[in-house]
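Take a look at the structure below. The text after it goes from one chain to the contact between chains, and then to single residues.

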Amino acid sequence: MFSIISTMFLGIGIGYVLRNWSILQKTEKTISLTIFLLLFILGVSIGSNSLIVNNLGKFGWQAVILASSGVLGSLIAARLVLQLFFKQGGKQ
Amino acid sequence: MKGSLIVILFFCIGCVMGLFNKFEFDTHTVSMYILYALMLQVGISIGSNKSLKAIVSHLHPKMLLIPLGTIIGTLLFSALASLFLRQWSVFDCMAVGSGFAYYSLSSILITQFKEPSIGLQLATELGTIALLTNIFREMMALLGTPVIKKYFGKLAPISVAGVNSMDVLLPSISRYSGKEMIPIAILHGILIDISVPVFVSFFCNL
């Protein structure tokens, strides 16, 4: 985890030094491509995991309940934090 | 939205390929390297941003309330979810929720921490549920960012993303919630990242 964050800071350094290179403004495209690749590899690792594939029905719905609950909880919390602490004074 | 659909498409193609081929390479190692490549690019895009100084000067202590909200909201509702999942205790459900979309780490930790108390079979099952739960959470964040922003405000995409607010979800957060949210999203990701092993081990030992 530490090395991942360090990699990002290395990137910030590189990006800052070379900020006038116009090619660096195209990172949004390459970032999307990298994310596609990352999700593709995730798919491969799930598809080739027989424990998951054979029990998808049994584990899947439990995971749906837990994921939806977690998402709902954080949505409500984020909404409350926004209204209670970030709304006064208008937009930042 | 188009980007999210392409992401899902790549994920599905990957699943199908994984089903029918036995790959020789270690997918975990490969995805780690890709994650490094991603973080380097995310860093470069932040560093080369012309309004970097203005963005950093927006950081404020009250922004710590956002990761705090993510943690409290997720854990509270994960605990409620245990009402529907009789097989697992409240703390098991909270341990799964503590993954905050960090599927790889949380599933491994849960399998390891639960094995001494409930045995390898059940621990592996809970670990698998944790993996799927946190993948689903990432998918919901990836697909839902525009809708989430619309109905729950600009902080919600960060909160739902959990640990991924600093990497995979950062481009969508910046697009829908605004570029000024980038430092908050990174701070959120780092703090949630640190909290994952702490909370998972805590709830597994209760």
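What follows is a short walk through this predicted model.

Residues are numbered from 1 along each chain as its sequence is written, chains are lettered from A and ligands numbered from 1 in the order in which they are written. Because the model is predicted, local features need pLDDT of at least 70 and side-chain atom pairs count only at pLDDT 80 or more, while totals for chains, interfaces and linings use all residues.

Start with chain A. Its elements run α-α-α-α from the N terminus. That makes four helices and zero strands. Helices (H or I, at least four residues) and strands (E, at least two) are DSSP runs, numbered from the N terminus. The radius of gyration of chain A is 20 Å, well over the 12 Å that the globule rule gives for 92 residues, so the chain is more spread out than a compact globule. The radius is taken over C-alpha atoms, and the rule is 2.2 Å times the number of residues to the power 0.38. Along its principal axes, the C-alpha trace spans about 55 × 40 × 25 Å.

Chain A is divided into domain 1 (1-49) and domain 2 (55-92), with bounds that come from an automatic or database domain assignment. Their centres, taken over C-alpha atoms, are separated by 26 Å. Of the 92 residues, 37% count as buried. Buried means 20 or more other C-beta atoms within 10 Å of the residue's own; exposed means 12 or fewer, and partly exposed is in between, with C-beta atoms placed from the backbone.

UniProt, in an unreviewed entry, lists residues 6-24, 31-53 and 59-82 of chain A as "transmembrane region". Such annotations may be inferred rather than shown by experiment; positions are in the numbering used here, and feature names are shortened. Residues 6-24 of chain A are 63% helix and 0% strand, with end C-alpha atoms 20 Å apart. Residues 59-82 of chain A are 100% helix and 0% strand, and their end C-alpha atoms lie 34 Å apart.

Now bring in chain B. In all, 74 residues of chain B are in contact with 64 residues of chain A. Contact means that two C-beta atoms, placed from the backbone, lie within 7 Å. H2(B) gives the most to the side of chain B that touches chain A, with 17 residues. That side divides into 45 nonpolar, 22 polar and seven charged residues. Here Ala, Val, Leu, Ile, Met, Phe, Trp, Tyr, Cys and Pro count as nonpolar, Asp, Glu, Lys and Arg as charged, and the others, Gly among them, as polar.

Look at H2(B) itself. At 1.5 Å a residue, its 21 residues should span 30 Å, and its end C-alpha atoms are 30 Å apart, which agrees. The expected span is 1.5 Å times one less than the number of residues. Its buried residues include Ser31(B), Leu38(B) and Gly47(B).

Two loop residues of chain B close the walk. Tyr102(B) lies in the loop between H5 and H6. It counts as buried because it has 25 C-beta neighbours inside 10 Å. Leaving aside neighbours within four places in sequence, Tyr102(B) is in contact with Asn134(B), Gly162(B), Val163(B), Asp193(B) and Val196(B). Lys62(B) lies in the loop between helix H3 (52-56) and H4. With 9 C-beta neighbours inside 10 Å, Lys62(B) counts as exposed.
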